[in-house]
Amino acid sequence: MQEKILILDFGSQFTQLIARRVRELNIYCEIHPFNKVPVIDESVQGIILSGSPYSVRQEDAPHFDFVKHHTTLPILGVCYGAQYIAHFHGGEVLASSTREYGRANLDYIKEGNPLFKDVLKGSQVWMSHGDTIARIADNFEIIASTDSVEVAAYQITGTQTYAIQFHPEVTHSTDGKQLLQNFLVDICGCSQDWTPDSFIETTIAELKAKLGDDKVVLGLSGGVDSSVAAVLLHQAIGANLHCIFVDNGLLRKDEYQSVLDSYQHMGLNIKGIDAKQRFYDALAGLTDPEKKRKAIGRVFIEVFDDAAHEVQGVSWLGQGTIYPDVIESVSVKGPSATIKSHHNVGGLPDFMKLKVVEPLNTLFKDEVRRVGAALGIDPNILGRHPFPGPGLAIRILGDITPEKVDILQQADAIYINNLRSAGVYDKVWQAGAIYLPVQSVGVMGDERTYENVICLRAVESLDGMTADWCHLPYSLLAKISNEIINNVKGINRVVYDISSKPPATIEWE
Ligand code: XMP
């Protein structure tokens, strides 16, 4: 049975980060809303209570049945979690006179306390709280303090319940990882055996048991998630996995063929479908970005549905859904978990009525990449920049024609190849060229030209939610600009986008 740690989410922005840190220690964990605690079986080694935007003093503060668990399982309360246990079990939490936010140092650490093994006095921690624990119950013991926060950490004497006011999951807490390791390994007894290889082994066994001789249909996009999901399913059920890869005519230059080739090379049972014309027909004359997206989504469903019907007796739809898409986050506006709305099943295309299998739905993106590497997937697929589903259609401003797609593909290929050969591709989070619906005057030889503008975009980001434009070297930009203008007919000017998100977005449409 897979050992695990439960992280109960009280709505903190740092909850996912706690999960990341736990997993970096090769320990599997799951995030659950505080008001939907799953059944605790023997696989659960310990519980972490997250922070929260709430104050325990608020009437609608989120509650958790602490007494039920604290005698049986190790518990670590973080920030709100620490305040919660203190406040409702004989102590008192008050509003701080000043909000404590930022770096602090532990100038007292109780000698020999297992939570602070190998953490030295003076260790820097990160505080972010408006309330402070003013008093703790008699059977609680302070195990660390800073000069302004006396109860920076406590233990309930004689139990495995620990609590800390600071955030061990942020890198500003310099010994945060050590502290988490002390809790998870020494106190909870986790064995740190959750690795890409062990994930692959257990997932393949689970998929075999779940799917038996059933057939699965899966749409590949050329991206990381669907590729890794496909290879895992392929290893579990072989040719019963039927992959479909649609050429919507909006992919990068030569991408359809090269991705198809590498999938075939991996031994996947894959069918490529050239549906370019169907997409171009549906897009003809559309200029509004949302209408373009909708048309592409509609045609994709039609094409995929047709292809899925050709597979006889299929009963499952495989998907590359990853963990951030399935975590039910606790709504900050009220402690009711947000639930994704469901479509009206009656109106859905047939393939959407299939049972869904999502082998990556417990993994974060970087974990998907590591699993992909352990499966031997081509690094070119694993290291790919994100690419939007509607593809080049949202990088051609205005209406789409095959000619514009061709021009943009050429310019984009020059751009991306140069990023690769200059060794900067992997340092950039996402890059692409944009075809602007603007013509400007130029001069080539003795000829006056009046042609379109290509804009280059490159951003640094962690998750696409915020982004900074990349400071690419001028010499590289100059080389790319020259190559595009000299080689791509119809383009006489190249510009570079120096906007960050927010207030701009990564894509132009
Ligand atoms: P924005 O432009 O919103 O993009 O800053 C953030 C990230 O999302 C991608 N993106 C999309 N992906 N369908 C997708 O599959 C879309 O319609 C879409 N729009 C934007 C974008 O490429 C970036 O990675």
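Residues are numbered from 1 along each chain as its sequence is written. In this predicted model, local features need pLDDT of at least 70 and side-chain atom pairs count only at pLDDT 80 or more, while totals for chains, interfaces and linings use all residues, and side-chain values use heavy atoms, with hydrogens and water left out.

User: How many helices and strands does the chain have?

Analyst: Helices (H or I, at least four residues) and strands (E, at least two) are DSSP runs, numbered from the N terminus. The C-alpha trace of the chain spans about 85 × 60 × 40 Å along its principal axes. The count for the chain is 14 helices and 19 strands.

User: How far apart do the C-alpha centres of domain 1 and domain 3 lie?

Analyst: Domain bounds come from an automatic or database domain assignment. For this chain, that assignment gives domain 1 (4-187), domain 2 (196-382) and domain 3 (395-496). Between the C-alpha centres of domain 1 and domain 3, the distance is 49 Å.

User: What percentage of the 509 residues in the chain is buried?

Analyst: Buried means under 20% relative accessible area, exposed over 50%, and partly exposed in between (1.4 Å probe, protein chains only). Of the 509 residues in the chain, the buried ones make up 53%.

User: Among contacts between residues at least 6 apart in sequence, what percentage joins residues at least 24 apart?

Analyst: Contact means heavy atoms within 4.5 Å. Take the contacts in the chain between residues at least 6 apart in sequence; the share joining residues at least 24 apart is 75%.

User: Which residues come nearest to the ligand?

Analyst: A residue is near a molecule or strand if one of its heavy atoms lies within 4 Å of it. The shell around the ligand divides into 6 nonpolar, 4 polar and 3 charged residues. Here Ala, Val, Leu, Ile, Met, Phe, Trp, Tyr, Cys and Pro count as nonpolar, Asp, Glu, Lys and Arg as charged, and the others, Gly among them, as polar. Of the 13 residues around the ligand, those that come nearest are Arg-293, Gln-430, Lys-501, Ile-506 and Glu-507.

User: With which side chain does the side chain of Glu-290 make a polar contact?

Analyst: Glu-290 lies in helix 9 (residues 289-309). At 45% relative accessibility, Glu-290 is partly exposed. A polar contact is a pair of N or O atoms within 3.5 Å; within protein, one must be able to donate a hydrogen and the other to accept it, and residues adjacent in sequence count only if both atoms are side-chain atoms. At 3.1 Å, the partner of Glu-290 is Arg-293.

User: Why is helix 3 described as largely enclosed by the rest of the structure?

Analyst: Helix 3 covers residues 80-88. Its buried residues include Tyr-80, Gln-83 and Ile-85. Helix 3 is largely enclosed because its buried residues number 7 of the 9.

User: Is Cys-79 buried or exposed?

Analyst: Cys-79 lies in the loop between strand 4 (75-78) and helix 3. Cys-79 is not a glycine, yet its phi is positive, about 55 degrees. With 6% relative accessibility, Cys-79 counts as buried.

User: Which side chain does a polar contact of 2.6 Å join to that of Ser-55?

Analyst: Ser-55 lies in the loop between strand 3 (44-49) and helix 2 (66-70). Ser-55 is buried, at 12% relative accessible area. A polar atom of its side chain also lies 3.0 Å from the backbone nitrogen of Arg-57. The side chain joined to Ser-55 at 2.6 Å is that of Asp-131.

User: What is the omega of the peptide bond from Lys-501 to Pro-502?

Analyst: Most peptide bonds are trans. Pro-502 is found in the segment after strand 19 (491-496). The peptide bond from Pro-502 to Pro-503 is cis, with omega near 10 degrees. The bond from Lys-501 to Pro-502 is cis, with omega near -20 degrees.
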